[in-house]
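Work through these exercises with the structure open beside you. Try each task before you read its solution.

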Amino acid sequence: MVDAAFFVAGLALLGVGWEVYKAIGPANGGKVLGVRILPRTENTAMPHVWAMFRAFSKPEVRGSSRSILSVVAAGAWFSGRMALAGLFLGVVIGMTLAIVMARYKIAERGLLPYVVLSQTVPLIALAPLVVSWGGKLKIGGFTWQRWMSAAAISAFLAFFPIAIGALRGLTSPSPAALELMDSYAAPWWKTLVKLRLPSSVPYLVPALKLAASAAVVGTIVAEISTGLRGGIGRLIIEYSREGTSQPAKVFTALFGAAALGLAMAGLVALLDAFASRHRPREAST
Amino acid sequence: MSAVADLRRRTQHALVPIGFGVAFLTVWELFVRVRHIKPYLLPRPSAIWGELHGNATLIRKAVIVSGTNALVGLLVGIVAGVAVAFAAGHFKIVNRLVTPMAIAVSAMPIIVIASILYNLISATSQVPRRLMAAVIVFFVVFVNVAKGLTQVDRTQTELMRSYAASDVEILRKVRIPNALSHFFTALKVAAPLAVVTAFVSEYFGGLQDGLGAKITSNVSNSRDAVAWAYVVGACLLGLLFYGTSVLAERFAMPWQARRVER
Amino acid sequence: MTAPAVEVRGVTKVFNKGKANQVEALTDIDLTITPGELVSLIGPSGCGKSTLLRLIASLIEPTAGTVLVNGKPAEQARRDQDYGMAFQQSGLFDWRTVTKNIELPLELRGWDRAKRRAQAAAMLDLVKLGDFADHYPWELSGGMQQRVAIARALAFTPALLLMDEPFGALDEMTREHMQSELIGICAQTRTTVVFVTHSIPEAVYLSNRVVVMSPRPGRIAARIDVDLGARNDDTREASEFFKKVTEVREALRGFEHVEAMPRGIEDR
């Protein structure tokens, strides 16, 4: 609870800092050591903090009956659903991969280096390519929808932390526990269900946090590269283009994206609380 | 196990992923050829290789642009992250203010602020991207280094107190070496992240000279094989950053490397 | 008469005084230890033996009473580095070699490199680990790590050694071996030792005197002199040894009828 208070205090401090800089900073931005790094403080670039909040109540488009708040909320909801789809898919793929790697040592040896390296390699570079499949890829009677690209990219980013976390968790039971299952003549998949999977919960939780965050980023970036309508990524780009006429608008979309991220994190936290209700705290990786 | 047998075993182990990789590329190539997959869906690895060679100079230029942005952002973020972590170790108030923010930021897609950075600073310079990368790196480095400075083995602090060691001595001899391993954990995550941030920021606007923009433009011009070639460039850049981090860790903490090899 | 190595007078220790979770760890402790003695503190969990050790080490302050080490207040003794300390975890630094670990206290006192090297080497020989000077702690077994920790504790060849269950994490055979080693080292260096332990045979084997403590709030319940002469491999099988072990056990058994202690802080 005290942490929450400090968080709010931190936010307030940021807001104050914003206004202070706005008051004293150069209207057209400035240079530090020859580098143009100081932000512009005029209202078209740097709106007042209260203007950002006021913008929520304005109509989205002149004459429209929908307020920005409702548009942003709808956008966040749209993106949120895709991120969840991506997260779910990522969990399924990640867990499957982890189980295969836990079962077959050769799979682990052959695939794990790629799994690890993929976290270092900017997979999101593939986003525009995956997105280009939209409308073009046809398998049987099934056409790849554009929104599937967004979900796929989300899943792509989400599945790696899950795969790594799950693999760690699945291989975490002590030799004593494994020997116990052997003494019951339990087949591998029974050991999986009764021992390995429950043991992996404390490892999956931090992995899920990472994956949820990655899924949100993946969705938003995918929307931006696709031009997919309806989501918050699209709104961010649209509103930032209106930057000079309505500078505060883009901030509403940013807050929406932040809220989305926090909502996903909250969801994972709830899942954590539920899954770990009889356990000590999560394992630190 | 003798050294020779050990080496042989290690080589055999290393061959497995290489084997998987080669098999994967072969299947990919055959699949595209046999099923006559259109190039705008999935180009052949051989075609990608061709484009990689053909556009080598251009690709290298884009890699340098994105790479420089990532590097500048990484360095700035590291300096800031370490500095604030030390401040947080010393002044409780800094810790209490920054840590909840860091946790919240890790949940949010903070990269979206790239969109306003172009407006705030300049749409024609690389500074917004570098700043974006710096911000993301800062949070990763801060969280880990702060943890390393404060979460020290209890026996070790008791020992130092039994030596009547001053706070500075405890910092130098215990907290900092402890934080070093946490720092490298952060670096191995932050370095590739800086690369990703550098070119994802390009999707939000600004100059179109880096890897992100080039990939997008080639895709929209249906030059998929070329786009894939740029992707390979991006992957190599990411690997370079990660590999350098791993080497830096081995260099700075030789005792850790020997331990892992056990 | 030589000054006592350790003099504890009327010491009481209360944790979290005045708050809801107040705990009286020690009550009215009087203990005098003569130089060259090896005294064990033994008692059930929560009896305050570790707390008493830390009071002697001046890592915590008594709520009442005084602690004198080498005739000085405990805090002064700590500043003068009059004692060495070993804990249950070896507390070795992963990033330092064995030698550098032993040199740590010497560095803090500003000894120059040559002197440090020489002293560390000497201590390493004392614990018979000279061959492992450039190894890292994780390359050594648990018993060896504890030997390094003891070598480090002896770095200044202090007159007093404080040990908090240093062999607690070791297996029985290594433990017995380490006990013999410790006796050998102390005989050579003529160090006074205060040794906290959970193990009755260990207390009897090592000590000249066993101090039995009662459960929280800790008091000294019994002081048992142990006169087994020079220790060797046969000592543990001698009938006098078993008699002493029984004597200590009986002293401890008196507490079985005490009701369950309230859960509180660990006895530090």
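**Exercise 1: Which chains touch?**

Chain A and chain C have no contact between them, and their closest C-alpha atoms lie 19 Å apart. Keep in mind that this is a predicted model.

Task: Find which of the two pairs of chains in contact shares the most contacts.

Solution. Step 1: Set aside chains A and C, since no contact joins them. Step 2: Look at the two pairs of chains in contact. Chains A and B share the most contacts.

**Exercise 2: The side of chain B that touches chain C**

Task: Describe what chain B brings to its contact with chain C.

Solution. Step 1: Count the residues. Chain B supplies 16 residues and chain C supplies 17 residues. Step 2: Find the elements. On chain B, those that give two or more residues are α7 (154-162), α8 and α11 (254-261). Step 3: Pick the main contributor. α7(B) gives the most, with six residues. Step 4: Sort by class. This side of chain B has seven nonpolar, three polar and six charged residues.

**Exercise 3: Two helices in chain B**

Task: Work out how helix α6 (residues 127-150) of chain B is oriented against helix α8 (residues 167-200) of chain B.

Solution. Step 1: Take the distance and the angle. The axes come within 8 Å and cross at roughly 155°. Step 2: Compare with the cut-off. Angles over 145 degrees count as roughly antiparallel, so α6(B) is roughly antiparallel to α8(B). α6(B) passes α8(B) in a right-handed crossing. Step 4: Classify the residues. The contact of α6(B) with α8(B) holds 16 nonpolar, seven polar and three charged residues.

Technical notes. Residues are numbered from 1 along each chain as its sequence is written. Chains are lettered from A and ligands numbered from 1 in the order in which they are written. This is a predicted model: local features need pLDDT of at least 70, side-chain atom pairs count only at pLDDT 80 or more; totals for chains, interfaces and linings use all residues. Axes are lines fitted to C-alpha atoms, for helices over the stretch in contact, and angles run from 0 to 180 degrees between N-to-C directions. Helices (H or I, at least four residues) and strands (E, at least two) are DSSP runs, numbered from the N terminus. Angles under 35 degrees count as roughly parallel, over 145 as roughly antiparallel, 65 to 115 as roughly perpendicular and the rest as oblique. A crossing is left-handed if the near helix is turned anticlockwise from the far one by less than a right angle, and right-handed if clockwise. Ala, Val, Leu, Ile, Met, Phe, Trp, Tyr, Cys and Pro count as nonpolar, Asp, Glu, Lys and Arg as charged, and the others, Gly among them, as polar. Two residues are in contact if their C-beta atoms, placed from the backbone, lie within 7 Å.
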